[in-house]
Amino acid sequence: SFRVLADRSRSQPLFRIAALHRMAAAQATKGEWLQAAESYRKAAADPGNALALTSELLAGICLERAGDPAAAVQLYQRIIKDAGENDRAVRDASEERLLWLTATGHTAG
């Protein structure tokens with residue numbers, strides 16, 4: 001249902017992004033981490049998404065849970081680089097995820 005809503009809401013970014021986020025949450029609940037990450041990335045890529053970095057952060061968390069910390073690290077590093085002053089919470093969360101991945105031996109830092 002969320003996929004249909006997302007496809008039909010291309011001219012209404014708010015509905016499209018909300019539908020993609022709900023679809024990703026449902027996929028994550030089923031343990032479909034890669035699919036959830038892809039749904040969050042689609043939401044992030046929508047030009048109408050005012051919270052694109054939040055969508056990317058959620059995608060990174062899904063990638064970690066899918067067993068792909070290297071891809072998550074790349075996302076987190078890009079979020080930190082692209083974040084502005086209004087994105088401080090997302091940047092801080094990305095830095096925390098990077099620190100955790102480093103501390104647990106999933107990245108060289």
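Reader: Leaving aside neighbours within four places in sequence, which residues is Ser39 in contact with?

Author: This is a predicted model. In it Ser39 is in contact with Leu20, Met23, Ala24 and Gln27, once its neighbours within four places in sequence are left aside. Contact here means heavy atoms within 4.5 Å. Ser39 itself is found in helix H3, residues 33-45.

Reader: Why is Ser39 called buried?

Author: Its relative accessible area is 4%. Buried means under 20%, so Ser39 is buried.

Reader: What makes Gln27 count as buried, and where is Gln27 found?

Author: Gln27 has 8% relative accessibility, and the cut-off is under 20%, so Gln27 counts as buried. Gln27 is found in helix H2, residues 13-29. The C-alpha atoms of Gln27 and Ser39 are separated by 8.8 Å, with the two residues twelve apart along the chain.

Reader: Why are H3 and H4 called roughly antiparallel?

Author: Their axes cross at roughly 165° and come within 8 Å. Angles over 145 degrees count as roughly antiparallel, and therefore H3 and H4 are roughly antiparallel to each other. On the H3 side, the residues making the contact include Trp33, Leu34 and Tyr40; on the H4 side, they include Leu58, Cys62 and Leu63. The crossing of H3 past H4 is left-handed.

Reader: How do you know that the span of H5 is close to what is expected?

Author: Helix H5, residues 69-82, has 14 residues. The expected span is 1.5 Å times one less than the number of residues, given as 20 Å for H5, and H5 reaches 20 Å from its first C-alpha to its last.

Reader: Which residues of H5 are buried, and why are they said to line one face of the helix?

Author: The buried residues of H5 are Pro69, Ala72, Val73, Leu75, Tyr76 and Ile79. Seen down the axis of H5, they fall within an arc of 165°, so they line one face. Ala70, Gln74 and Lys81 are exposed, on the face turned away from the buried side of H5.

Reader: What covers the buried residues of H5?

Author: The cover includes H3, helix H4 (52-65) and helix H6 (88-103).

Reader: How many helices and strands does the protein chain have, and what percentage of its residues count as buried?

Author: The protein chain has six helices and zero strands. Of its 109 residues, 36% count as buried.

How values were computed: Residues numbered from 1 in each chain as written. Predicted model: local features only at pLDDT ≥ 70, side-chain atom pairs only at ≥ 80, totals over all residues. Heavy atoms only, no water. Helix = DSSP H or I, 4+ residues; strand = E, 2+ residues; numbered from the N terminus. Buried < 20%, exposed > 50% of the residue type's maximum accessible area, 1.4 Å probe, protein only. Arc of directions from axis to C-beta. Axes fitted to C-alpha atoms, helices over the stretch in contact; angles between N-to-C directions. Parallel < 35°, antiparallel > 145°, perpendicular 65-115°, else oblique. Left-handed = near helix turned anticlockwise from the far one by under 90°.
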